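Subject: Structure handover

Dear colleague,

Here is the structure I said I would pass on. My notes on it follow below.

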Amino acid sequence: MKRLAVFFALCISLQVHAANHINGIRVWPAPESTRIVFDLSKKPDYKYFSLSSPQRLVIDFKDSKSLISFQNSIKDDRRIKKIRKSKPKNKDSTRIVLELADKYQVTVFPLAPIGQYGNRLVVDLYDKDRDSKVISNKSTDSKRDIVVAIVAGHGGEDPGSIGAKGSYEKRVTLKIAKKLAKLINNHPGMKAVMIRQGDYYVTHDRKPKLARKNKADLLISIHADAFTSPKPSGASVLVQSPRRANSEFARLIANRQKESELLGGAGETIKKTKDKNLAITLADMKKEHTMKSSYEFATHVLRQLKKVTKLHKKKPEGLSLAVLKAPDIPSVLIETGFISNPTDEKNLNSSAHQQKLAKAIYTAIDNYFSRSPSEGTLLAANRVRVHKVTRGESLSVVAHRYKVSVGHLKRINNLTSNTIRIGQTLKIPQAE
């Protein structure tokens with residue numbers, strides 16, 4: 001028995017000190033970054049450093065062996081010239097060198113096992129000038145377009161939920177997002193900004209920043225829900241919970257010198273004023289307007305979605321979600337169905353159903369901005385206002401009120417004389 005115990009102790013000891021293995025590598029290029037993922041058999045013990053002339057990132061995996069070849073690991077990535085092995089510090093380690101095309105902002109971190117993935121080490125290479133880039137370059141006239149930022153949920157290393165038939169949420173959401181973007185871009189006075197255009201990951205904090213950089217009037221995040229049981233089904237629309245919004249509001253006020261741009265036109269006043277009560281009042285008004293607008297748009301979406309699919313929730317639901325935290329951009333997250341439900345999964349993979357979902361969301365966008373177009377936009381300029389004539393009003397009085405000429409008012413209403421009657425509805429053109 002003693003020998004047997006010693007034998008098991010020796011086996012355990014050998015297992016504890018067994019080398020880690022690099023089993024795979026995946027490269028995910030994106031417009032403003034590249035993510036490199038190393039798959040390992042155990043939690044990585046690593047160190048890294050950068051070298052210049054030429055630019056290189058060196059990663060030392062302690063007590064590790066590589067079971068793969070890096071020869072064909074790069075596919076059309078403009079940031080990485082080559083990935084290769086180099087002589088390690090000792091025989092029990094593996095040294096990996098990434099030969100880079102330029103100097104990048106580097107982030108390296110481990111990820112614990114989850115779902116289909118085991119232990120991983122993630123390397124993110126970010127462009128230095130990424131904040132100066134614009135994702136969509138559709139030109140506008142003097143009156144700008146309404147801008148809708150579309151976030152296709154998950155992507156790259158993050159597949160999202162996976163259906164029983166092997167459907168990946170990240171693929172479904174991207175297909176719906178692209179269909180929605182096409183509908184928006186075909187609408188004069190509107191343009192879509194795709195936060196994710198391919199199979200790569202964008203961090204939650206980055207999504208509203210990119211939307212803001214593109215001057216978005218609305219942010220829509222598209223997802224497919226999942227549950228441990230296959231029974232739940234249907235679509236729902238989520239908005240930021242008041243508790244999370246208030247938490248973000250408190251953080252913003254505390255850092256208002258740095259983050260005044262999050263509050264639109266009132267931002268500079270909030271930043272410069274020495275009156276904290278005024279800063280709080282202005283910021284709170286902006287936050288409340290954004291929350292109200294988000295909820296209003298969410299009701300428009302639900303009204304359209306119920307025409308093409310079953311609803312899981314009939315009213316907008318408030319949750320604490322990082323992607324919806326922008327205090328200056330109305331934002332919603334749309335769960336297009338349950339990928340864990342067999343019927344929903346089949347529908348979500350149907351191009352025809354994806355088009356119906358996209359059309360429903362687009363119609364909600366059109367209806368919402370037809371009623372409440374953003375200031376300075378082409379839609380606002382072309383919006384036809386109406387005026388109901390009351391006692392004592394003449395055509396010249398109405399024209400003066402809206403700063404238009406009597407002749408323009410007559411032309412748009414097909415009037416042959418200056419006579420108007422009480423209760424008559426007049427179309428009001430934009431000010432001349």
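In which loop is Asn413 found? Asn413 sits in the loop between α12 (406–412) and β17 (425–428); helices (H or I, at least four residues) and strands (E, at least two) are DSSP runs, numbered from the N terminus.

This is a predicted model, in which local features need pLDDT of at least 70 and side-chain atom pairs count only at pLDDT 80 or more, while totals for chains, interfaces and linings use all residues. Residues are numbered from 1 along each chain as its sequence is written, and side-chain values use heavy atoms, with hydrogens and water left out.

Asn413 is buried, at a relative accessible area of 17% (buried means under 20% relative accessible area, exposed over 50%, partly exposed in between, with a 1.4 Å probe and protein chains only). A polar atom of the Asn413 side chain lies 2.7 Å from the backbone nitrogen of Lys427. Not counting residues up to four places away in sequence, Asn413 touches Thr425, Leu426 and Lys427 (contact means heavy atoms within 4.5 Å).

The sheet

Five strands make an open, mixed sheet in the order β5-β1-β2-β9-β8, where two strands pair if DSSP finds at least two bridges between them. β5 (64–66) and β8 (105–111) are the edge strands, each with a single partner, so one side of each has no neighbour in the sheet. Seven bridges join β8 to β9 (residues 119–126) in the antiparallel sense. Val106 is opposite Leu125 in β9.

The cores

The largest nonpolar core has 42 residues, and Ile150, Ile220 and Ile365 have the most contacts inside it. Such a core is a set of buried Ala, Val, Leu, Ile, Met, Phe, Trp, Tyr and Cys residues joined through side-chain atoms within 4.5 Å. Elements that give two or more residues to this core include β10 (146–152), β12 (218–225) and α9 (351–371). The largest share, nine residues, comes from α9. Another core, of 20 residues, lies apart from it, with Ile59, Phe70, Leu98 and Leu100 among its residues.

Helix α3

Six of the eight residues of α3 (residues 206–213) are buried, so this helix is largely enclosed by the rest of the structure. The buried residues are Arg206, Lys207, Pro208, Leu210, Ala211 and Arg212. What covers them includes β10 and β12. Just after α3, Lys215 has a positive phi of about 55°.

Regards

Key:
Polar contact = N/O pair within 3.5 Å; in protein donor to acceptor, adjacent residues only side chain to side chain.
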